Amino acid sequence: MDLTQNILSLLIWLPIGGGAALLFVGDGGDVLSGRARQMRWMALAVSVLTFFISVPLYTGFDTSTAAMQFVERTSWIGALSVEYYLGVDGISAPLILLTTFITPLVIIAGWDSIKSRPAQYFAAFLILEGLMVGVFSALDGILFYVLWEAMLVPMFLIIGIWGGERRIYATIKFFLYTFLGSVLMLVAFVYLYNKTGDFNFFSFRDVNLSLREQQLIFIAFLLAFAVKVPMWPVHTWLPDAHVEAPTGGSVILAAIMLKMGGYGFVRLSLPIVPDGSEYFAGMMIGLSLIAVVYIGFVALMQKDMKKLIAYSSIAHMGFVTLGFFLLWSTAGGSGAELGMTGGMVQMISHGLISGAMFLCVGVLYDRVHSRQIADYGGVANTMPKFAAFMVLFSMANAGLPGTSGFVGEFMVIIASFRANFWFAFLAASTLILGAAYTLWMVKRVIYGEVANKHVADLVDLQRREFVVLGILAIAVLLVGLWPAPLVDMMSVTVRELLFQVGQSKLAGL
Amino acid sequence: MIFGEFTAAAPEITLLIMICVVLIADLFVSDENRIVTFWLTIAALAVTAWSILATAPAARTLLFDGSYVSDALSQVLKLGVVGVVAVGFLYARDYLRQNALFKGEYYILGMFGLLGMLIMISANSLLTMYLGLETLSLSLYALVAFDRNNADSAESAMKYFVLGAIASGSLLYGISWVYGMTGSLQFDQIAIAVQDPAVNSMPLWFGMAFMIVGIAFKFGAVPFHMWLPDVYQGARSSVTLYIASAPKLAALALILRILVDGLGELHEVWQGMIMVLAVLSLVVGNVVAIAQTNIKRMLGYSAIAHVGFILLAIFTGTEQGYAAALFYTLTYVVMAAGAFGVVILLSRKGFEAESLVDFKGLNARSPWFALMMLFFMFGMAGVPPWVGFFAKLNVISAVLDAGFPALAIMMVLASVVGAYYYLRVIWYMYFDKAEDRSVFQAGADTRLVLSLNGLAVLALGVFPGSLLALCIQVIQAVN
């Protein structure tokens with residue numbers, strides 16, 4: 001088998017197969033059994049191997065073309081003209097790399113802290129990884145939808161089995177919210193299928209649709225993606241899901257699953273219904289700005305660290321949607337491209353930073369079993385290494401230049417200046433708000449006198465935790481200091497996308 | 001073949017002979033050796049399945065002066081019912097033995113019910129259809145009452161019998177009107193007769209409405225569903241499995257033969273009635289299922305909701321819709337058989353696992369069967385990659401293609417509501433601690449078949465192509 005020909009299939013099916021094997025072997029119900037330990041190593045081995053297999057997606061990526069690369073295409077369900085059609089471009093390749101990069105870290109993070117049914121836990125993450133890679137590489141509507149929905153199942157179980165106190169409420173809410181959002185997307189796909197005769201995204205892109213049709217399809221897509229991003233006002237599942245999920249689940253949710261909403265906008269909404277997107281662009285910008293400003297204030301008021309980071313995620317994802325929908329207000333030129341690229345960079349960067357932030361909270365939670373800010377204080381005295389990492393990631397979260405958080409936000413802010421002063425004014429308020437809620441939390445948790453006996457008893461990072469946070473710190477700084485490789489990867493695709501969005505579908509009617 | 005000119009009817013003839021053989025053989029089997037009857041029954045079903053395959057005529061064949069038909073649709077449906085009945089008998093074996101119900105009559109009644117279903121599936125005249133339906137129904141009434149010391153069973157059997165008799169009466173009344181208007185009982189001749197505008201008029205529609213009431217009752221469509229939850233709950237779990245699976249396929253034959261083969265011309269007249277039944281079933285089934293605490297009753301309401309989907313596929317009046325209905329029913333039956341199989345697996349001597357809380361902590365007791373139940377539940381909820389998703393997708397696609405986007409949106413929203421109660425089963429299995437730690441007593445063969453059943457729900461979801469192509473081909477061959 002030629003690896004470069006089937007690399008995407010391998011990235012999907014290797015983790016799923018590994019996860020199925022883990023489920024089948026099981027752990028005998030005992031964490032300390034030898035078999036449970038072997039399963040842990042096997043999960044790590046599979047995820048690391050998956051990461052190495054994904055490296056050619058970067059090294060072998062042709063940045064000079066916007067066409068799909070690493071394409072695989074065969075018929076899947078002949079009767080419905082559904083194809084097994086995979087491929088990546090400059091938008092999806094970085095997201096796949098992010099997925100394969102984060103998953104091994106999550107598995108290491110759950111190494112000792114999962115006390116019940118470890119084999120099922122690791123299996124769920126591996127299966128989830130395969131499905132997520134599949135979502136980012138699918139180019140057929142049904143394949144995309146199947147993977148998109150199937151992804152809910154492992155996450156539903158992860159939150160429900162290994163979550164906190166109110167896990168059942170949170171996970172049912174998570175499932176039903178996202179399921180409700182997605183089903184209308186399916187109706188839209190089938191509607192388009194009845195027009196084109198297949199589910200291929202490129203056929204969807206090339207079919208002419210009236211403005212009315214485009215508006216309705218846009219709304220169907222919007223519900224699916226806005227819930228995932230999540231955009232205000234359909235964000236309420238996220239704080240619950242994040243708070244109740246185990247650390248690994250929160251990391252995957254924040255780092256990758258939220259990106260699927262953003263990805264859906266650029267892969268589906270913008271090219272398939274450009275006129276519908278234009279019609280609703282003002283509303284999208286408005287909702288994004290509400291997310292940035294209002295949710296920023298909400299974050300400021302949180303007493304629970306995980307909740308604070310969850311709200312900060314919503315605010316940061318507001319930048320992504322803002323960047324994507326600026327292009328009609330910037331009156332052409334480089335503003336549109338800047339906004340789009342900025343949104344994309346922000347997705348990758350937020351994936352790294354929010355993942356790291358949730359891991360930091362996980363480190364504290366494993367030791368003290370509390371997420372309340374008030375239960376901490378002066379952690380720097382007992383955990384100096386940890387404090388250094390936490391401060392670094394918090395700075396990145398606040399958008400400090402030199403970290404990845406700065407790059408995307410800055411690009412989007414500049415783009416919004418070209419569009420409208422007030423957009424930029426509101427967007428830039430995040431630099432103050434973000435700094436306020438993040439650094440205030442750092443001040444209360446990390447600095448000051450040692451608050452109580454629990455904090456006094458804290459032990460600094462173990463080697464395992466140090467490695468995980470260290471790798472993420474390097475990634476955050478690398479993207480912050482030298483974003484060029486990432487931006488190069490995207491630029492041709494972004495230009496092609498902007499061209500597509502500029503083609504009105506009304507003319508052909 | 002030995003049946004000469006009646007070769008096309010070989011499945012029914014074979015099964016009838018085998019029933020007589022089992023009936024007589026059972027007389028000579030003592031209670032300790034009742035297992036012999038069980039294996040004879042399985043052998044009888046295997047021979048029947050073989051005769052379906054071996055004697056399938058190449059083209060559509062009419063027999064008995066045109067009142068019996070053998071075509072591609074009948075073969076697919078017959079194989080489906082024979083297979084599901086056999087699987088149901090296997091799941092029920094150890095359960096029946098533990099509950100002192102392991103009697104030859106159970107299998108005889110089950111096989112007579114199967115005979116009725118085969119006749120319904122191959123019916124080409126209204127009277128043959130009625131004959132098959134009554135053979136099935138009478139066997140079912142007796143099966144529901146099979147545990148004669150159980151007051152719930154007796155009550156639900158009585159309810160089923162009385163309401164079933166009313167429905168049969170309604171159907172017969174409708175048949176008499178249709179016969180009076182068209183002058184024929186045969187579906188193909190009815191189809192020709194209704195092309196005459198003088199025939200295609202109010203009296204015919206009036207008769208048809210009564211027939212639809214009968215059909216809706218047999219399917220369990222709202223508002224003719226009242227018997228269904230009570231019977232599902234009152235009958236012993238093994239009987240519920242029987243009622244919940246194979247008869248749905250026979251009911252599909254009933255509706256396809258009568259409304260499509262016979263009265264296809266009147267599509268615009270019956271479309272509205274079917275739509276009302278379907279929408280009500282979808283909404284009532286899904287909403288009321290949420291409030292249930294008994295899993296058999298919950299699956300009963302869920303069956304009502306699934307019938308809504310099947311009826312909406314029929315409602316479209318297109319080949320695509322009929323193929324979608326066939327695919328939906330076939331796959332639903334596989335999932336329902338598996339779900340009740342797990343319910344039976346959890347039951348044991350003197351204990352019916354029929355409350356939802358009995359599923360608590362199943363993941364700790366048996367991760368494998370918890371996973372299988374998860375497959376059935378997500379399958380029924382229509383979550384990909386399980387096969388229920390493609391079943392729903394086909395129906396949605398057919399409905400959209402027929403030009404009813406509002407109905408398609410209603411269907412997907414109803415499935416979101418429905419997802420909640422399936423999730424609740426999974427929540428009990430995975431998120432709660434076990435209260436009961438007893439060991440399952442099912443035999444290795446039962447476990448194997450149940451596992452294959454679960455894996456089939458996944459495998460058909462990942463590779464639905466060939467089954468879907470088969471359904472489309474069968475429907476095209478009929479029309």
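I looked up burial in chain B: buried residues make up 60% of its 479 residues, where buried means 20 or more other C-beta atoms within 10 Å of the residue's own, exposed means 12 or fewer and partly exposed lies in between, with C-beta atoms placed from the backbone. The model is predicted, so I note that local features need pLDDT of at least 70 and side-chain atom pairs count only at pLDDT 80 or more, while totals for chains, interfaces and linings use all residues. Residues are numbered from 1 along each chain as its sequence is written, and chains are lettered from A.

Next, the fold. I find 20 helices and two strands in chain B, taken as DSSP runs (helices H or I, at least four residues; strands E, at least two) numbered from the N terminus. The C-alpha atoms of chain B fill a box of roughly 70 × 55 × 40 Å along the principal axes.

Then the interface. I list 26 residues of chain B in contact with 28 residues of chain A, a contact being two C-beta atoms, placed from the backbone, within 7 Å. Helix α18(B) gives the largest share of the chain B side, twelve residues. By class, that side has 22 nonpolar, three polar and one charged residues. Nonpolar covers Ala, Val, Leu, Ile, Met, Phe, Trp, Tyr, Cys and Pro; charged covers Asp, Glu, Lys and Arg; the others, Gly among them, are polar.

Last, one residue. B:Phe206 sits in helix α8 (residues 202–219) of chain B. I log B:Phe206 as partly exposed, because 14 other C-beta atoms lie within 10 Å.
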